[in-house]
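Look at the sequence and structure first.

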Amino acid sequence: MLAFAFAQLVGLLRRILVAQAFGVGAEMDAFIAANRVSETLFNLVAGGALGSAFIPTFTGFLAKEDKKSAWKLASAIANWVFLVLSLLAALAAFFAPQIVRHVLAPGFSANPIQFTLTVNLLRIQLASAILFGLSGLVMGILNSHQVFLIPALTPSMYQLGMIFGVLVLSPSMGIYGLAWGVVIGALFHLLLQLPVLIKQRGKYSLTLGFGDAAAREVIRLMGPRLLGVAVVQLNFWVNIWLASRMPEGSVAGIEYGFALMLMAQVAIAQSIATAAMPTFAAQYALGKLDDVRHSLAASLRGVTLLSVPAAVGLIILRVPLITLLYQRGEFDARSTQLVAWALLWYAIGLVGHSVMEILARAFYALHDTKTPVLVGIGAMSLNVVFSVTFAALFTRIGWMPHGGLALANSLATALEMVGLMILMRKRLNGINGKSIARGFAQAAVAALGMGIALVWWQQATATSATWVVAMGGIAFGGIVYLLGMLILKVPEIRQLKEMIQRRL
């Protein structure tokens, strides 16, 4: 969690520097839209294979001490990831103008300069998809060996590459320097993990796994997940497609707003889910369903106790936080308004996103990719409908329409969370629901007290410097929430205290 939090801080520094250099305007809209293509390719190929299919199967071999089969599987998947991503990247580069004009951002066609810029940036960034694909596989291998620190630091390397791009390359290359920073960051992402991978003493083989039952199992598990990832990516494309037709800066506004919400989600949920998934997979492989149930309930309580106050804090302190972090250089008061409006509606969905992260990993560990994919397809299909509906509704009542895109995402994710929670409860014959519900209630009560305290804080410090309002609010809110946890006698607080005492 500390490594994930550090990565988010480095990422925040990168966004601050990018915001100062480019603000929220046509160039950033073009960069963000172009980056979506390489992100989609990586998530479709590597994300679909690793998150749901490769890690459970690879971990199963390790749990049974069959290292030969494990590394043969890893080699086959690595070769497939490289070949498929290389082919798709080449096709995307060739058809880049058509992709931008007809699929990605048709609104940019009205501005020939922005359209050409988007096409060029798209082609540059495609190399990052191949590097990320291989690096993601290495990360899965290391996580399966219970190695978490170095893989968790790799996002920091990616952010450092982009910081190099904006500080060193952009002064002479403009926004193109930032695009090359993406490629450099992806290379750093991979290189950091290679020394640790070598220490695992695995044997690489030049194979595609034809006739290998384990490789077929990964492909079988990967199929439904690919469909689910495609639907999720479709929502991002729909958002860009709609936002490209909205006022200038709308694409960047939802990107910055989502990134701030995602900072909290990554530090809270992805860190816990990354550490928990190999445990879920090993427990399931050994037939210990009671242990899976207990581990899942503990993980869900943990993310709930952390995500509820984080959501409340982001909603109340969003304007001073964004002003403190970004408002300088090309990032002006209008930019702050655009991002704060998106963050308001994205923060509402933080709890749903955090719980979903744990539930999805649990289903994958149980070798069940079909259930979360089917539920996800339903929820993300609703997201498309919600996006169009809420954007039109916000426009009609005089609100900035890109906020409707954020609200659509939060509502669809909440519905997906509820559906998966019900299905997981049936799958495991219970998930200690009373304990989870009690944790949520305790978090809600303590967060309510924290929210009231933060509203008072903002009123009391209305004439103070922005950093006092934002940073003081974070500290004050955290203290109030912790006191609430102590008063409500939340057991995790006692466990945390005991763990610290043992460490000391």
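Arg-201 counts as exposed, at 78% relative accessibility. Exposed means over 50% relative accessible area, buried under 20%, and partly exposed in between (1.4 Å probe, protein chains only). Arg-201 sits in the loop between H8 and H9. Its phi is positive, about 60 degrees, although Arg-201 is not a glycine.

Lys-489 also has a positive phi, about 55 degrees, and is not a glycine. This residue is in the loop between helix H17 (466-487) and helix H18 (491-503). Lys-489 counts as exposed, with 70% relative accessibility.

## Basis of the values

The model is predicted: local features need pLDDT of at least 70, side-chain atom pairs count only at pLDDT 80 or more, and totals for chains, interfaces and linings use all residues. Residues are numbered from 1 along each chain as its sequence is written, and side-chain values use heavy atoms, with hydrogens and water left out.

Helices are DSSP runs (H or I, at least four residues), numbered from the N terminus.

## The second largest cavity

A search of the whole structure gives 2 cavities of 30 Å³ or more. On a 1 Å grid over the protein atoms alone, a cavity is a set of points where a 1.4 Å probe fits but cannot get out; lining residues have an atom within 4 Å of a point. A volume is the space filled by probe spheres set on the points.

The second largest cavity has about 120 Å³. Its lining includes Ile-32, Arg-36, Phe-236, Glu-255 and Tyr-346. Helices H2 (26-63), H9 (213-243) and H10 (250-285) each supply at least two lining residues. H10 gives the most, with 4 residues. By class, the lining has 7 nonpolar, 1 polar and 2 charged residues.

## The second largest pocket

A pocket is an open set with protein on both sides within 12 Å along at least five of seven lines. The second largest pocket has a volume of about 350 Å³. Its lining has 17 residues; Ala-78, Val-138, Ile-141, Leu-197 and Tyr-204 lie nearest its centre. H3 gives the largest share of that lining, 6 residues.

## A nonpolar patch

Leu-160, Leu-187, Phe-188, Leu-191 and Leu-194 make a nonpolar surface patch of about 380 Å². Patch residues have over 30% relative accessible area and no salt bridge, with nonpolar side chains joined within 5 Å. A salt bridge puts a side-chain nitrogen of Lys or Arg within 4 Å of a carboxyl oxygen of Asp or Glu. Helix H7 (residues 175-191) supplies the largest share of the patch, 3 residues. Leu-191 is in H7 and is partly exposed, at 42%.

Note on methods
Nonpolar A, V, L, I, M, F, W, Y, C, P; charged D, E, K, R; others polar. Patch = residues over 30% accessible without salt bridge, like charges linked within 9 Å, V, L, I, M, F, W, Y side chains within 5 Å. Areas by Shrake-Rupley, 256 points an atom, 1.4 Å probe, with all protein chains shown as cover.
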